Amino acid sequence: MITADLKGKVAFVTGAASGIGLAVVERLAANGAAVALNDLAHNPRLAAEIARLRAAGHNVAPFPGDVSKPDDVDAMVAAAASHFGRLDYLVNNAATPGTSKPIPVDDFAAMDEAFWAKLVSINQIGPYRCLKAAAPHLKKAGGAVVNVASTAGLAYGASSSVYASTKAALILLTKEWAYAMGPEVRVNAIAPNVVDGSGWDCRFDPAGMAATIAKMPLKRAGKPEDYAETIFYLLAGAPYVTGQTIVMDGGGAR
Ligand SMILES: NC(=O)c1ccc[n+]([C@@H]2O[C@H](COP(=O)([O-])OP(=O)(O)OC[C@H]3O[C@@H](n4cnc5c(N)ncnc54)[C@H](O)[C@@H]3O)[C@@H](O)[C@H]2O)c1
């Protein structure tokens with residue numbers, strides 16, 4: 001496990017009360033960073049995780065809000081920067097599949113206008129809103145951004161083609177934003193495949209999942225901690241890496 005001295009650094013993590021987001025918070029806090037945790041206001045896990053992390057001695061604070069709401073994003077990022085006095089790192093992790101079971105690629109009726117609008121607003125424009133609000137603070141600090149994309153955005157298959165398109169857009173935006181934020185700020189992404197231990201609300205066919213995992217060189221689903229390790233590296237290390245997406249698929253699935 002890699003470590004870094006992050007005392008004096010401040011991170012803002014969206015969708016931080018669960019899964020990959022929470023694992024990133026743990027890594028950053030364990031290495032001395034102060035962390036602003038964002039999640040939906042009605043998610044009871046946000047307050048519970050803040051209490052647990054504070055009891056462990058970490059400098060964390062909650063900034064509830066919905067990344068699909070511009071006013072929420074502006075308010076929560078401003079409040080976090082004011083509370084901690086700076087922002088060094090942004091992790092755009094919050095996202096949703098918007099469905100409890102996968103939608104076949106030809107089921108156009110299921111992927112209606114409201115479904116498109118919801119997923120694009122949360123998964124694609126949400127990271128833009130957060131970056132826009134955090135950009136002046138990140139540039140001043142000379143920080144870094146990691147976007148949590150997905151192998152769905154690389155045509156591995158997805159809960160829906162709409163979800164896949166939002167993650168493909170985020171991979172493209174990672175390149176665009178590397179130009180927008182350089183040279184002060186690096187912007188990278190990870191593309192997880194299956195996550196063992198997420199609170200994801202889309203359940204896939206277990207037999208199909210087992211077959212996918214059996215084809216991987218690493219023979220297991222990635223844990224939130226595995227993904228957090230790479231996010232931590234891209235934030236705290238990797239000084240000459242920007243605009244890149246690290247594919248984390250257990251080595252492939254042929
Ligand atoms: N679980 C998977 O199989 C998988 C695979 C590839 C990529 N991903 C990506 O990994 C990231 C994290 O997923 P996870 O598996 O840890 O999921 P998770 O459900 O455990 O965590 C996501 C968190 O985001 C929060 N959230 C959802 N919508 C939000 C919004 N509009 N505003 C603020 N917070 C919001 C949720 O409340 C939840 O706490 C996501 O970007 C997801 O697309 C997940």
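A: Ten of the twelve residues of helix H1 are buried, so H1 is largely enclosed by the rest of the structure. Buried here means that 20 or more other C-beta atoms lie within 10 Å of a residue's own; with 12 or fewer the residue is exposed, in between it is partly exposed, and C-beta atoms are placed from the backbone. Helices (H or I, at least four residues) and strands (E, at least two) are DSSP runs, numbered from the N terminus. Residues are numbered from 1 along each chain as its sequence is written. The model is predicted: local features need pLDDT of at least 70, side-chain atom pairs count only at pLDDT 80 or more, and totals for chains, interfaces and linings use all residues.

H1 covers residues 19-30. Its buried residues are Gly19, Ile20, Gly21, Leu22, Ala23, Val24, Val25, Arg27, Leu28 and Ala29. The expected span of a helix is 1.5 Å times one less than its number of residues. After H1 comes Gly32, with a positive phi near 100°.

Strand S4 (residues 89-92) is also covered, and on both faces: Tyr89 and Val91 are buried on one side, Leu90 and Asn92 on the other. In a regular strand the side chains alternate between the two faces of the sheet. Two strands pair if DSSP finds at least two bridges between them. S4 runs parallel to strand S1 (residues 10-13), with three bridges joining them, and Val91 is the bridge partner of Val13. Four bridges pair S4 with strand S5 (residues 144-148), again in the parallel sense, and there Val91 stands opposite Val146. Between S4 and S5 the chain passes through helix H4 (residues 113-141) in a right-handed β-α-β crossover; right-handed means that, with the strands pointing away from the viewer, the path from the first strand over the helix to the second runs clockwise.

Some backbone details lie in loops. The peptide bond from Gly182 to Pro183 is cis, with omega near 0°, and Pro183 sits in the loop between helix H5 (161-181) and strand S6 (186-192). Lys219, not a glycine, has a positive phi near 55°; its loop lies between helix H6 (206-214) and helix H7 (224-236). Lys219 counts as exposed because it has 10 C-beta neighbours inside 10 Å. Ala238, in the loop between H7 and strand S7 (245-248), has a positive phi of about 50°. With 17 C-beta neighbours inside 10 Å, Ala238 counts as partly exposed.
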